[in-house]
Structures are given as C-alpha cells and as structure tokens.
Amino acid sequence: MIDNVIFTVIQDLAFIIILFVGGYLVARLFYRAYLGEAIWSNRPGKQFGRIESKIYRLLGIDPNESMSPRKYIISMLTFSLICFIGLYLILLFQNLLTFNPEEYEGLSWHLAFNTVASFVSNTNWQSYTGETTLSYFSQMMGLTVQNFVSGAVGISALYALIRGFVNREDRAVGNFYVDITKLCIYVMLPLCFFGALLLVSQGVPQTMSGAIEYNTLNGVSEKIYLGPAASQIIIKQLFTNGGGFYGVNSAHPLENPTPFSNLIECASILIIPLALCYVFGKAVKDKKEGSALLKAMTIFFVVAIIACTASEYLYGFRMSGIESIGNLEGKEVRFGVGGSSLWAVVTTCASNGSVNSMHDSLTPLGGMVPIFLMMLGEVVYGGVGCGLYGMMVFAILTVFIAGLMVGRTPEYIGKKIGIFDMKMVCLVILPPVLCMLLGTAATVMLPSVNEWVNATNSGTAHAFSEILYTFVSQAANNGSAFAGFNANTPWTNVTGGMIMLFVRFVPMVAIILLAGSLGSKKVTPKSDGTLSTSNTMFVMLLVFVVLIIGALSFLPALALGPIAEHLTFINI
C-alpha cells in the first residue's frame, strides 16, 4: 500500500501544479471577454467578430448598451425560459425528430421536465442512462447547446458582480447578450474544438453511426453505443456541467479510455473556475484579492483530497477484504483508489457531477467528503461563475461579521456593505441550504421511499445518505449521485427539477441586484482602520466562516447519514 500512497501523493501534486498553470494561461481569455475586447484578432469585425455582429443584428441588440440590473435580470430569465421551452419540446418529441438511429421514444413529461431543469440550471443531473434514452439530435441540439449557454449564463452573472465592485456610482452591470455571445464564440467554441480533437485522438467516439451489435462469450447479443460523444464530453467538463453522453460518465471506457483522457477531463473541470479567480484580481486592480479567495478555496480542496483518499485507503480493507490495496469497490482498476478519490473531490467541489467511479461505493467518510463539499455551496473553486461569486458572497459575510466584532462599517474592496447588500447575501446562501434539507426531509417521510432505495440498504443509514446525496446534489447544481437511489419517479423528477431551477436563479438574481447596489456606491479610500481582505488572517477567517455555516446547517443531517454509517462500519 505504501507504494500506492506515494504514487497517489505525486499524482495529486502534479495535478494541482497543472491546474494552476493551466488556469493562469486560460485566465487571459476570460479577462479579455470580460473587457469586451477581441480575443483572437486585434482587428474588430474580423474572424469571429463577423459572426458576433451578425448575431447582434439578428436579435436586434445594441452591443454598446450597458444594462441596468433589472434589464439584465429580465434578459437572463427570458433567455433561460426560451432555452427551457425549446429543450423540453425536443426531449418530449425526440421520436419525431431526425438523427435517432436507435428509434428512441420521447421522454415522459416528468423526466423531460427534470432533465430540462437540470441542463438549463447547469446541473446536468440525469435520472436516465444517456446512451439508451436520448437520440443524437437530443444530445447535440439539446444537451450540448445547453452545456454552452447555461455555463455562459453563470459567468455572465459573475461578470456583472465584478462590474459592481469596479464601477463608481454607476448601477449598470453590462450587457447580458454581449457577455454570453463573447464567451461562447470567442472562448468556449475554440477551446472545445481543440479539446474534442484531443479526446477523439484518445479513442472517444465522435460519429453519427448507430450502435454496434456483438455476441458475448455467453452467446448474448449486446450493443456498443457510439455517437457524437467527444463534443459533449469536453464542454460538459469545461463548463462544469457534469452528466454525460454515457450513463456511467467518465468511468465508461469509451468516454474516458486512457490516462491522458482522464487527465484532460479531470483538469478541465476546475481550470475555468480557478482561472476566474485570476480574472477577478485583475479586474479590481488588485491581484491579491483574487489570490486570497483562491487560497481559501485551495485549503478546502487539499484537505478534502487528503480526507477522501485517506478514508479509501485506511478503511478500504473492510470492503475489499485486502488491506494492502484500499477500497476498489465501484472503481475502475485503471484509475485506482488515488485517481478515483481525486476525481470524486474535483467533481463535487465544482458543480460538475461527472464521475469516474461510483460514489455509492465510497467508504462512509470517503462519501461524506463529496457531500460536505456540495453542502458548502460548491464554493471550493465551484461551478463556472457561480463558484467564485459564491465565495465572494462569503467574503462579504466575513467582513460583515468582522465589522460587527470591531464596531466598524464593513467594507469589501472599497465598497461599504449595507443592509440591502446583506439581504442579497442571505438570498445567495440560504436557498440551497433550505432546499437540501427540506427536500431530504420530505422524501424520507413518503410511504413509498423504501421502494426507491436498494433493498439491501432499506432502513439503513446508507439509504438516508443516498437520499441526502440526491437532494444535496440537485440543490448544489452538481448532478452526481449515489447510484442506489431510484430518482426517476414523478416525485423526485418534479421536486428535483423545481429545486434545481430555484437554487440556480434566485441566488443569481440576488447577485445581479447586489452588483447594482455595489456599483452605485462610492469607493472608500483605505485607511489604517480598514480590514485587509487579502492577507493570511482574512483567508483563515473566511475559511472559518464557510465551515461554521456548513457545520451549523448540516451536521445533524450528516450525523444521521455518513457519520452513523461510519460508526456502524467500524463496529462501534
């Protein structure tokens, strides 16, 4: 086991180095998109610029207009509503549309609602198996398109908040349509094109051919499902959407065939959320502010990797029966305990949800780490846009608490934090907390709930963990799952869909209103009494505040699930 542990440590350190270097390089693209500058050409109107201008003319948009918070919100919600209706119709009537070689029927109304809510909210929770449920048209024109635009909506909200800190007595927060257009055509399309080519070079399918039939050694006819997978896989990782073309995500040998494809996909999950921290520092003209938030995130990330990996190695023998190898149940041998634990932490500290192992087979404490990361609101790097603005909200809460302790008006990056601002902070932090707990509580009280969990787990702490994970994942816009819970029921599909939409758009509206409030204020010059928000003390205080909010909100639920299961697991 010692050799495996040493290899795992080296692998994790190398991953973190690659992540930070890659994030720094990618940050330049997103910063130029934030500024509204040309990215691939210094000559306006050339290359992609022609496509951009035609989009504005087609939609009747003035790219020079800077919207008020109200107009920005209306534009965002209208755009998302149109996406919702379009995708719902595609999934409901996919049997009538083209590119359906397997002749799949349309989805049920409640599964279609859940799936649309999931992809529009950047969650990608899947109550179905992708390769055996959806046509190629639904995958390409429905899900892949939403992977682009839903992620762009999240980054647009972040850009609006950054402008709130940068503006001087100006409530305007930018142009929503310009933000998402530049992000999609200048940044994400080129990145995804080259990323998809890399995945195809590793053996990931990108074809319109139907499934290949073959006979097993037992004489049973089976199918190998192909399709336009690579183009969806790269965008769902880069924009922290999660889900996947295949039901088992990156544990599938066609979605993730080699160690190099595993590195590309795993690093892609966090590289943009990390890059946006650099963008924030450059935008507010103080790189230390972005670095402070990045340091707080990294502390959580490193501790989570250590905790999850250690649990899988130390307690793995109780599941595998072999003390020297750790817990390999539910894991691909080619990735091992270290690679699977790293991915489990990466995908749940971001609002991604893709997996390369089955989280239901993690040890109790190993499974508690992904749950707790999602409970924190996925602010440890987090989803594209929403992760950073979530941590910025916690930073505002931290300076507010610090201000109360010393009797000073709280300030963050030169902006005084008032009553309205704190109300918006609460609207960002509280909805996911309430939905996680209320959704779980309502579900465990249903008479039919035991029919939805695996019979061997019925009535156990692990069954509660499976239900808790379901609603934590949906309320955190993550999308991963403990596989032992059947979520494809009218109750879970409708309830889960409503939760995903609520926790996505209520905090996002609050963020844009907060941006308008901050932008309308003057910048307060620093003085000797100003609380530094970029030093080590503030970083540790921020970590403490995030932990306190998480512990006070979720410790009872964790005690009923993973903690109780762990105590049973070790025979106490």
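A salt bridge here is a side-chain nitrogen of Lys or Arg within 4 Å of a carboxyl oxygen of Asp or Glu. This is a predicted model, where local features need pLDDT of at least 70 and side-chain atom pairs count only at pLDDT 80 or more, while totals for chains, interfaces and linings use all residues. Residues are numbered from 1 along each chain as its sequence is written, and side-chain values use heavy atoms, leaving out hydrogens and water.

**View 1. Glu65 and Lys71 pair up through their side chains.** The N to O distance is 2.6 Å, and the salt-bridge rule gives a count of nine. Glu65 is partly exposed at 28% relative accessible area, and so is Lys71, at 37% (buried means under 20%, exposed over 50%, partly exposed in between; 1.4 Å probe, protein chains only).

**View 2. Lys521 reaches Asp421 in another salt bridge.** Their closest N and O atoms sit 2.3 Å apart. Lys521 is in the loop between α16 (490–519) and α17 (536–569), and Asp421 is in helix α14 (residues 419–444), so the pair ties together parts 100 residues apart in sequence. Helices are DSSP runs (H or I, at least four residues), numbered from the N terminus. Asp421 is buried, with a relative accessible area of 1%.

**View 3. Helix α7 (residues 230–238) is mostly covered.** Eight of its nine residues are buried, among them Ile233, Ile234, Ile235 and even Lys236. The buried residues pack against α5 (136–166), α6 (176–201), α8 (259–283) and α11 (336–349).

**View 4. Ile272 belongs to the largest nonpolar core.** A core is a set of buried Ala, Val, Leu, Ile, Met, Phe, Trp, Tyr and Cys residues joined through side-chain atoms within 4.5 Å. This one has 140 residues, and Ile272 is among those that touch the most other members, along with Phe30, Met188 and others. Leaving aside residues up to four places away in sequence, Ile272 touches Phe30, Ile155, Met188, Leu238, Phe239 and Val384 (contact means heavy atoms within 4.5 Å). A second, separate core of 28 residues includes Val449, Tyr469, Phe471 and Met500.

**View 5. Cys308 is in no disulfide.** The structure holds zero of these bonds (a pair of cysteine sulfur atoms within 2.5 Å). For Cys308, the nearest cysteine sulfur belongs to Cys349, 11 Å away. Cys308 counts as buried, at 0% relative accessibility.

Technical notes:
Helix = DSSP H or I, 4+ residues; strand = E, 2+ residues; numbered from the N terminus.
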